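Below is a walk through one predicted model. Keep the sequence and the coordinates open side by side as you read.

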Amino acid sequence: MSDETTTKPSSNGAGQRVVIVGAGMAGVQTAVALREQGWTGEIVLLGAEPHQPYDRPPLSKAVLLGKAEGSTLDVDFAGLGIGLRLGVQVTGLRPDKRLVETATGQLPYDVLVIATGAEPIPLPGSEGEPGVHLLRTLDDAERLRPVLARQREVAVVGAGWIGAEFATAAREAGCAVTVVEAADRPLAGALPAEVAAPMSAWYEDYGARLVTGARVASVDESGLLLGDGTRLRAGAVVVGIGARPATDWLAGSGVELAEDRSVAADDRLRSSVPDVYAVGDCASFPSARYGSRLLVHHWDNALQGPRTVAANVVGSRTAAHFPGVVYDPVPYFWSEQFGRFVQYAGHHSEADELVWRGDPAGAAWSVCWLREGALVALLAVGRPRDLAQGRKLIERGARLDRTRAEDPSVPLKSAVL
């Protein structure tokens with residue numbers, strides 16, 4: 001990784017330019033954090049979309065249902081001296097010349113921040129097919145809004161977080177909804193079978209049909225053809241089978257990518273190239289807390305990471321021997337689906353014990369993951385207090401008394417040994 005701890009100090013970036021590629025939450029928050037932390041140099045923020053920067057979570061809820069026209073971020077770019085350039089397609093990077101290449105020309109930088117986010121994975125064979133939709137951008141939500149308003153039959157491919165949230169919105173709009181999942185349960189890539197299994201009933205309870213263990217053979221204007229020959233008629237198909245880091249434009253740049261195509265940042269969110277940082281959905285980082293490299297595709301990561309990037313950019317320019325600020329958060333996200341508020345904190349893959357709090361057939365319950373007795377992750381369904389307390393306990397590395405943790409009437413903080 002690059003070593004910026006001995007960079008010659010300057011006056012908070014005076015006369016230098018930071019270019020931020022990506023005007024989503026991570027890019028915008030990086031620009032704002034740089035100003036908050038004293039950066040006086042130029043800041044240029046490049047966005048591929050023509051829209052003013054916006055927040056993504058409302059797209060699958062209020063915007064999709066027509067309850068809001070948009071989710072524009074409340075940031076005074078001009079007042080903060082942030083040069084916002086929209087509709088700019090970045091095509092490459094030349095670190096040897098410190099140039100970002102775009103469809104309209106080259107842009108020099110002194111410091112570069114990669115915040116290009118993630119892009120949805122299309123269903124093979126569905127590209128360009130009429131009636132097939134993705135849900136990632138404001139334009140995607142605008143195209144889907146009239147589909148829901150007409151209360152058409154909708155097929156959703158993928159029973160992950162986004163698939164469940166869209167299915168919820170479609171049912172609220174009065175659509176007939178069928179969700180098709182290749183695995184034998186929803187959220188198969190995110191949660192263990194025993195935890196995800198109770199969530200299957202949520203679909204039927206909400207009036208949606210869930211078809212598991214089903215492979216999609218083809219898509220056309222009339223709907224889906226499954227691998228077993230079953231035909232599912234639908235007026236629209238929404239694909240939600242995952243997202244991948246938007247890093248193709250870095251090919252040949254020398255920026256190291258991990259196996260999942262994320263920028264392989266270090267624990268200070270620096271890339272392998274000097275003065276190039278990465279943050280948000282496009283960047284993975286090594287977590288000492290969990291002993292593994294994490295790629296976190298959630299809103300909170302795009303909010304927290306920029307503060308670390310800004311601190312390291314400013315610090316590396318104002319101190320002769322700046323050690324850098326380490327980024328090692330407790331990951332957090334939430335999902336509103338089928339009338340339930342689902343929250344998750346931590347990272348459970350290295351856990352060796354699972355503790356239930358409450359009945360998963362009920363409306364409110366939690367699951368705690370322990371590693372050698374210490375709380376490392378928690379899933380809370382309709383129990384926000386468990387999440388709030390659990391997140392703090394994870395940060396502390398607190399050990400829990402299993403018997404007390406199993407009792408949902410006992411506050412989680414009272415189960416600490």
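Phe338 counts as buried because its relative accessibility is 3%. Buried means under 20% relative accessible area, exposed over 50%, and partly exposed in between, with a 1.4 Å probe and protein chains only. Phe338 lies in the loop between β22 (332–337) and β23 (340–346). Strands and helices here are DSSP runs numbered from the N terminus: E of at least two residues for strands, H or I of at least four for helices. The phi of Phe338 is near 50 degrees, a positive value in a residue other than glycine. Most residues other than glycine have a negative phi.

The model is predicted: local features need pLDDT of at least 70, side-chain atom pairs count only at pLDDT 80 or more, and totals for chains, interfaces and linings use all residues. Residues are numbered from 1 along each chain as its sequence is written, and side-chain values use heavy atoms, with hydrogens and water left out.

Gln151 also has a positive phi, near 55 degrees, and is not glycine. Gln151 is found in the loop between α2 (138–149) and β10 (154–157). Is Gln151 buried or partly exposed? Gln151 is partly exposed, because its relative accessible area is 48%.

Next comes helix α3, residues 161–172. Its twelve residues reach 17 Å from the first C-alpha to the last. That is close to the 16 Å expected at 1.5 Å a residue. The expected span is 1.5 Å times one less than the number of residues. The helix is mostly covered, with nine of its twelve residues buried. Among the buried residues of α3 are Trp161, Glu165, Phe166 and Thr168. Gly163, Ala164, Ala167, Ala169 and Ala170 are buried in α3 too. Just after α3, Gly174 takes a positive phi of about 95 degrees.

Now the aromatic rings. A search of the whole structure finds nine aromatic pairs. Rings of Phe, Tyr and Trp (its six-membered ring) pair if their centres lie within 6.5 Å; planes under 30 degrees apart count as stacked, over 60 as edge-to-face and the rest as tilted. Trp161 and Phe333 are edge-to-face, because their planes stand at 70 degrees, with the ring centres 4.8 Å apart. Trp161 lies in helix α3 and Phe333 in strand β22, so the pair ties together parts that are 172 residues apart in sequence. Both Trp161 and Phe333 are buried.

Trp299 and Trp334 form an edge-to-face pair as well, at 5.6 Å centre to centre and 80 degrees between the planes. This pair links distant parts of the chain: Trp299 in helix α6 (residues 299–318) and Trp334 in strand β22, 35 residues apart. Trp299 counts as partly exposed at 29% relative accessibility. Trp334 counts as partly exposed at 24%. Trp161 and Phe333 also belong to one aromatic cluster with Tyr344 and Trp369.

Turn to the sheets. Three strands form an open sheet in the order β4-β5-β6, and the pairing is antiparallel. Two strands pair if DSSP finds at least two bridges between them. β4 and β6 (105–108) stand at the edges with a single partner strand each, so one side of each is left without a neighbour in the sheet. The twist averages 25 degrees from one strand to the next. Such angles run from 0 to 180 degrees between N-to-C directions, with axes fitted to C-alpha atoms.

Strand β4 (residues 90–94) and strand β5 (residues 99–102) pair over four bridges. Gly92 has Glu101 in β5 as its bridge partner. Arg94 stands opposite Leu99 in β5. Four residues lie between the strands of this hairpin, where Arg98 takes a positive phi near 50 degrees.

A second open sheet has the order β18-β20-β21, with mixed pairing. Its edge strands are β18 (263–264) and β21 (292–295), each pairing on one side only. β18 and strand β20 (residues 283–287) pair in the parallel sense over two bridges. Val263 stands opposite Ala283 in β20.

Last, the domains. The assignment gives domain 1 (17–117 + 246–316), domain 2 (121–241) and domain 3 (339–414). These bounds come from an automatic or database domain assignment. The centres of domain 2 and domain 3, taken over C-alpha atoms, are separated by 30 Å. Eleven residues of domain 2 are in contact with 13 residues of domain 3, where contact means heavy atoms within 4.5 Å.
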